[in-house]
Amino acid sequence: MSRPSFAFDGVDSSMYYPDIASYIVKETSGSKVFMAKDTGRIIQPASLTKILTALIAIESGKLDQEVLITKEATLVEPTKAGLKPGDRVKLLDLVKAAMVSSSNDAAFAIAIHLSGSVERFVTAMNFRAKKIGMKNSTFTNPAGFDKGRYAGNISTAADLLALTEYAIKNRTFNDIAQMESILLTELNSNRLILLKTHNKLLAKYPYTVGIKTGFTRRAGKCLIARAQKDNRDVLLVMLNAQGDRWLLAEDMFEKAFALQTGKVRDYAASEDDDFNYRPWRR
């Protein structure tokens, strides 16, 4: 793992988090980066992938459509909403399940419904990612799997920030991203399924307004979070954290909010990072 470089002598070293492989904290309303490390490093994004899956579904204009759950969608593991072959669910509910409880079966059901197959949906994902500006990302499945037949899902903190900054322009996405629980309705039987968020930051840090967690053994603990405080709006992307990601995120947000507007820490990511926002370039 490369250590981050510093643009100026005497920079506050507390802005460096050695327990996180790659991260960036940035204001949403401009180009100010508060802290960053190895933002161009290729890392598996785990379930952060579902942000792109959800976004494609939202932009499809088909959220009111009923989705027939196929057997293929139910064969995924481990996090599932408990859908069964033959169930019918609104596409909107599947998006909520994928984002809020990180349900893999919901993500696969979205893909199959919108594109006819997982493979064709993956093609759409990669096309959409490039359009958004995700230059160093490749997706092999809609859920975030990174081993076996689905190995190859890769991204960077810079790319995931670009995705998230694009996604939060959508009101529907924002509404879903901050939900702590949902009631999914199976339309054949009107069966209700209660699903709760994995994002503990929503309960632990009062300024949090979403967005998505992720975890696999290969990817480690991942998090994309957004917080709003004192009329300021900040995004955080954290990849492969070894410590308590909730405490780390709260600390990073508080340090960012403590900085005065226009006085950004001159903290640089690695010199080889492929990232456009560089606060030390005036």
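Colleague: Are Phe-253 and Phe-257 buried or exposed?
Modeller: Both Phe-253 and Phe-257 are buried (under 20% relative accessible area with a 1.4 Å probe, protein chains only; exposed is over 50%). This is a predicted model, in which local features need pLDDT of at least 70, side-chain atom pairs count only at pLDDT 80 or more, and totals for chains, interfaces and linings use all residues. Residues are numbered from 1 along each chain as its sequence is written, and side-chain values use heavy atoms, without hydrogens and water.

Colleague: Where do Phe-253 and Phe-257 lie in helix α9?
Modeller: They are about one helical turn apart, because 4 residues separate them in α9, residues 245-258 (a DSSP run of H or I, at least four residues).

Colleague: How are the planes of Phe-253 and Phe-257 arranged?
Modeller: The two rings are stacked, with 20° between the planes and 6.2 Å from centre to centre. Rings pair with centres within 6.5 Å; under 30 degrees is stacked, over 60 edge-to-face, the rest tilted.

Colleague: Which residues are in the cluster of ring pairs?
Modeller: Phe-253 and Phe-257 are linked by ring pairs with Tyr-205 and Tyr-207.

Colleague: How many aromatic pairs does the structure hold?
Modeller: There are 7 aromatic pairs. In one, the planes of Tyr-17 and Tyr-23 stand at 85° with centres 5.7 Å apart, so the pair is edge-to-face. Tyr-17 and Tyr-23 are both buried.

Colleague: Changing topic, which residues lie nearest the centre of the largest pocket?
Modeller: Pro-78, Asn-104, Phe-145, Phe-215 and Thr-216 do, out of 27 lining residues. A pocket is an open set of points on a 1 Å grid with protein on both sides within 12 Å along at least five of seven lines, and lining residues have an atom within 4 Å of a point.

Notes
1 Å grid on protein atoms, 1.4 Å probe; cavity = no way out; pocket = protein on both sides within 12 Å on 5 of 7 lines; lining within 4 Å. Phe/Tyr/Trp six-rings, centres within 6.5 Å; stacked < 30°, edge-to-face > 60°. Helix = DSSP H or I, 4+ residues; strand = E, 2+ residues; numbered from the N terminus.
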